[in-house]
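User: I'm new to this one and would like to go through its backbone. Can you take my questions as they come?

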Amino acid sequence: MSSVTFITWLIVSLFFYSNEVASSSPAISVSAPIRVGSRSILRSIDKNKEEKEDYAVELNATNFDSVLKETPAAHAVVEFFAHWCPACRNYKPQYETIAKIFNGADAVHPGMILLTRVDCALKINTNLCDKFSVGHYPTLLWGPPSKFVSGSWDPKQEKSEIRSIEDARTADLLLNWINKQMNSSYRLEDRKYENDLQKNASDIGQIARAVYDIEEATTTAFGIILDHKMIKSETKASLVKFFQLLVVHHPSRRCRKGTAELLVDFDNLLANKEIDSGERGEIRNYQICGKDVPRGYWMFCRGSKNETRGFSCGLWVLLHSLSVRVDDGESQLAFTTICDFIHNFFICEECRQHFYTMCSSVSTPFNKSRDFVLWLWQAHNKVNERLMKVEASLETDDPLFPKITWPPQQLCPSCYGTVRVDESRPIEWDLDEVHKFLMNYYGKALVNLNKDKEFTVERLVNLNDDAASSASVNALVVPVGAALAIAVASCAFGALACYWRQHQKSRKYKHHLHSFKNI
């Protein structure tokens, strides 16, 4: 080997050796020279420092449309910036101050406004920033989230719901600008649970945003069931019935779709041995109301204190919204399905027992959906009357949202047969008017602000359920393999048919979940 070859080999060996030492070294040598391109080294050192949490949502071309499409917020602010821009870096603390008020589960006023940012210095966002005519940094745009989705903005365009925010150099100026647009009075000093919802009982428009709380309640209930390992062999049938009810009648398209996907794979996910052992397995991976739910906060059902309203309110709204969507022929099945679900899966023991007592007191089957809707309304008022006394004596009620006999006269004057002069006398309800009100309030008024789109489950799935271990044929009335025909869904989401075949007790039960369409 020549001396030149040897020296070359030695240099290469030392080079690779030094790289290996550098990559495995727990610290960076202070004496090492900092060369061009060593900014990444400085960043790695800075990572050891505690970083402040960003409240504004970082968007890029890949998630811009999806995030703005799914947000429950009625308004959005998008900041277009460049990470190398000194003015943008200096503005970030001001923008974050406002984002902290509105974004996330710990926000003071969650779900009202979504504050986001897009880094135009990244090549992936070049076309996105061009679509919104970003000519300087930072640029702030305001508008309904849906208008940003697959949208654009031109400052020369006269009629546009997207507007440029000018003169918002400080948090105070930005918040003042927002207050003018919304006719609101948000303050930098606002604290959590100083409720921003309108408390005017006569405002029927409040219920429109409750669909997001229904999604939150649905996902929270499912999480509680999994966390407490409540899916057992003896409770599986009632859960499947409830899922089937959700697939057809849940007011949220996302929950209908997610529950249908879970129901298709239900038997495969929950083999009998897995159920009996209390394991949850892959079922935890199913997001029955979308990837962003639960969001961690409530909107329509938000109380003035952390421990009031919330989940219980959301669950009641879900049950009412289901009741007004069933047909006459489904009313008895919906009644027993809801009663069994609460009995088996509502973890508050006293509330569960009270509700099931009311269910057990019903002696005549419901032949009309009207009767079921009114029964649930009466049951809810009975619960409220009981809790009024308990919470008043223990001072555990929500001072801003006390339990009341519902609906109040301001919200539905026609529901009251006569004008109440003496509050101590029983209310003379006009039940026809009450029914009409409930159908509108939990039906038409409670709308999903997201545009419904069709989806199709194209696969035909055979679900096998070994029923040999069951004690009796009656115990298998409605497992996944039981004979339960889900009624044809309303025209809003097309025709849905689920066919279930039941055979003898000692044989396996084979199920065919046929083509979910337009849910």
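User: Where is Ser150 found?
Analyst: This is a predicted model. In it, Ser150 is found in the loop between α6 (145–148) and β5 (163–164).

User: What is the phi of Ser150?
Analyst: Ser150 has a positive phi of about 50 degrees, although Ser150 is not a glycine. Most residues other than glycine have a negative phi.

User: Is Ser150 buried or exposed?
Analyst: Ser150 has a relative accessible area of 57%. Exposed means over 50%, so Ser150 counts as exposed.

User: Now Lys229. What is its phi?
Analyst: Lys229 also is not a glycine, and its phi is positive, about 50 degrees.

User: Where does Lys229 sit, in terms of helices?
Analyst: The place of Lys229 is in the loop between α8 (210–227) and α9 (236–249).

User: And what is the relative accessible area of Lys229?
Analyst: Lys229 has a relative accessible area of 39%.

User: Changing topic to peptide bonds. What kind of bond joins Tyr137 and Pro138?
Analyst: A cis peptide bond joins Tyr137 and Pro138, with omega about -10 degrees. Most peptide bonds are trans.

User: Which loop holds Pro138?
Analyst: Pro138 is in the loop between α5 (126–131) and β4 (139–143).

User: What about the bond between Trp406 and Pro407?
Analyst: Trp406 and Pro407 are joined by a cis peptide bond, and omega there is about 0 degrees.

User: Where is Pro407 found?
Analyst: Pro407 is found in the loop between α16 (369–394) and α17 (431–444).

Notes. Residues numbered from 1 in each chain as written. Predicted model: local features only at pLDDT ≥ 70, side-chain atom pairs only at ≥ 80, totals over all residues. Heavy atoms only, no water. Helix = DSSP H or I, 4+ residues; strand = E, 2+ residues; numbered from the N terminus. Buried < 20%, exposed > 50% of the residue type's maximum accessible area, 1.4 Å probe, protein only.
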